[in-house]
Amino acid sequence: MKAEGIDIISLSAGEPDFETPEPVREAAIEALNAGFTKYTPTSGIADLKEAICRKLHIENSVTAKPENIIVSCGAKQSLYNAMMVLIEPGDEVILIAPYWMTYAEQVRLAGGIPVIVHTEAASGFIPTLDQFREKITSRTKAIVVNSPCNPTGAVFNRETMKMIAQVALRHDLWVISDEIYDRLVYGENATSIASLGSEIAERTVTIGGCSKTYAMTGWRIGFAAAPKPVAAAMGNLQDQVTSNPNSFAQKGAVTALRMASDQLEPMRAEFQARRDLIVELLRGIPKVQVAKPEGAFYALPDIRAYLNKKISDDICLVEHLLDNAQVATVPGTVFEAPGHIRISYAASRENIRKGIERIAKALQELDA
Ligand SMILES: Cc1ncc(COP(=O)(O)O)c(C=O)c1O
């Protein structure tokens with residue numbers, strides 16, 4: 001529709017609308033010009049692994065050595081490596097819904113079975129101990145945790161993380177903890193589950209990356225920190241699939257990970273201002289319920305009050321909003337959150353204002 005010249009406002013982006021910081025770009029250009037264009041070790045270059053270990057230590061209180069680190073082509077490949085080496089056919093893997101859809105597909109690719117713990121906006125999208133108890137069977141192998149969460153923006157506090165750690169320890173489960181949005185938080189810092197003690201660290205694969213924090217989605221640099229045998233298996237798998245991630249992107253990532261956090265603060269602060277704006281605008285629409293996101297850059301309003309015979313679910317509503325209000329959003333159904341739509345605030349404040357105004361008008365027309 002954009003190509004046809006239609007004025008579409010996209011509130012669907014899964015990536016920051018910021019430039020990769022200049023020092024990061026410069027580092028990659030320098031590496032290219034210096035001929036750093038050959039294969040690297042499959043699991044990543046030594047200085048990047050060191051920068052990742054340092055970041056995990058300082059920002060996440062997670063202890064890792066270079067032998068625990070596998071650098072991959074984006075956090076998505078890191079997750080895939082983890083799923084493929086940990087999950088055997090028939091294993092059950094607990095996903096906390098709403099969740100990023102890739103988890104379920106990767107569990108299935110590994111031959112596993114996704115088992116869903118459902119959470120609600122009313123409880124801040126936080127799971128409870130009883131919910132885990134209900135879903136755990138003798139075939140449960142792992143829990144996937146994603147805090148801050150795409151699509152809800154929920155950040156699990158320390159108590160929730162401790163509860164999940166206890167469940168994992170008691171039932172001998174792996175935890176795959178996707179912390180790709182760890183620096184994009186607007187209240188309390190996110191807790192890394194692997195920081196809660198050596199026992200839980202020994203059964204956790206922590207996933208991170210450069211895509212979101214440093215606006216580097218196209219560079220394809222993600223990483224996993226895992227117990228040594230798991231890291232070794234992930235490295236062996238990656239060796240036969242892609243080999244190393246891009247050599248000069250790795251050099252850029254070293255600079256990114258060494259950047260002082262005050263250099264990143266303007267982007268985080270802008271996301272926080274947009275979060276405040278979008279929550280205020282959405283709460284101004286009658287009958288729309290929205291939990292306040294504490295991290296990442298998504299809101300997940302409940303739009304069930306506007307569904308009717310013609311527009312009977314969130315998929316129809318998203319299509320209706322695109323066709324009639326020229327706003328792109330994502331249906332909650334793809335995140336196992338029917339009756340909701342995901343709105344990304346990785347967009348300018350002006351576009352957020354215009355986009356939500358259009359959505360409000362379209363919803364009110366539906367209601368008329
Ligand atoms: C929760 C979550 N994990 C992982 C990723 C993938 O990150 P990458 O682009 O580094 O593969 C995304 C991207 O949208 C995401 O939302």
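**View 1. Lining of the largest pocket in a predicted model.** The lining divides into 10 nonpolar, six polar and six charged residues. Here Ala, Val, Leu, Ile, Met, Phe, Trp, Tyr, Cys and Pro count as nonpolar, Asp, Glu, Lys and Arg as charged, and the others, Gly among them, as polar. In total, 22 residues line this pocket; Gly14, Lys76, Trp100, Tyr181 and Lys212 lie nearest its centre. Helix H3 (residues 75-86) gives the largest share of the lining, three residues. The volume is about 360 Å³. A pocket is an open set of points on a 1 Å grid over the protein atoms alone, where a 1.4 Å probe fits, with protein on both sides within 12 Å along at least five of seven lines; lining residues have an atom within 4 Å of a point. Points are joined across faces, edges and corners, and a volume is the space filled by probe spheres set on them. The model is predicted: local features need pLDDT of at least 70, side-chain atom pairs count only at pLDDT 80 or more, and totals for chains, interfaces and linings use all residues. Residues are numbered from 1 along each chain as its sequence is written, and side-chain values use heavy atoms, with hydrogens and water left out.

**View 2. The ligand and its shell.** The ligand takes the space of the largest pocket (more than half of its atoms lie within 2 Å of the grid points). Of the 13 residues around the ligand, Asn150, Asp178, Tyr181, Ser211 and Lys212 come nearest (a heavy atom within 4 Å counts as near). The shell has five nonpolar, four polar and four charged residues.

View 3. A polar contact is a pair of N or O atoms within 3.5 Å. Asn150 places a polar side-chain atom 2.7 Å from a ligand oxygen. For Tyr181, the side-chain distance to a ligand oxygen is 2.8 Å. An N or O atom in the Arg220 side chain also lies 2.8 Å from an oxygen of the ligand. The protein buries 92% of the 400 Å² that the ligand exposes when taken alone (Shrake-Rupley method, 1.4 Å probe).

**View 4. The second largest pocket.** This pocket holds about 300 Å³ of space. Thr63, Ala64, Asn68, Ala201 and Glu202 lie nearest its centre, among 17 lining residues. Helices (H or I, at least four residues) and strands (E, at least two) are DSSP runs, numbered from the N terminus.

**View 5. Two cis peptide bonds.** Ser147 and Pro148 are joined in cis, with omega about -5°. The bond from Asn150 to Pro151 is also cis, with omega near 25°. Pro148 sits in the loop between strand E5 (140-146) and helix H6 (158-170).

Methods: A polar contact is a pair of N or O atoms within 3.5 Å; within protein, one must be able to donate a hydrogen and the other to accept it, and residues adjacent in sequence count only if both atoms are side-chain atoms.
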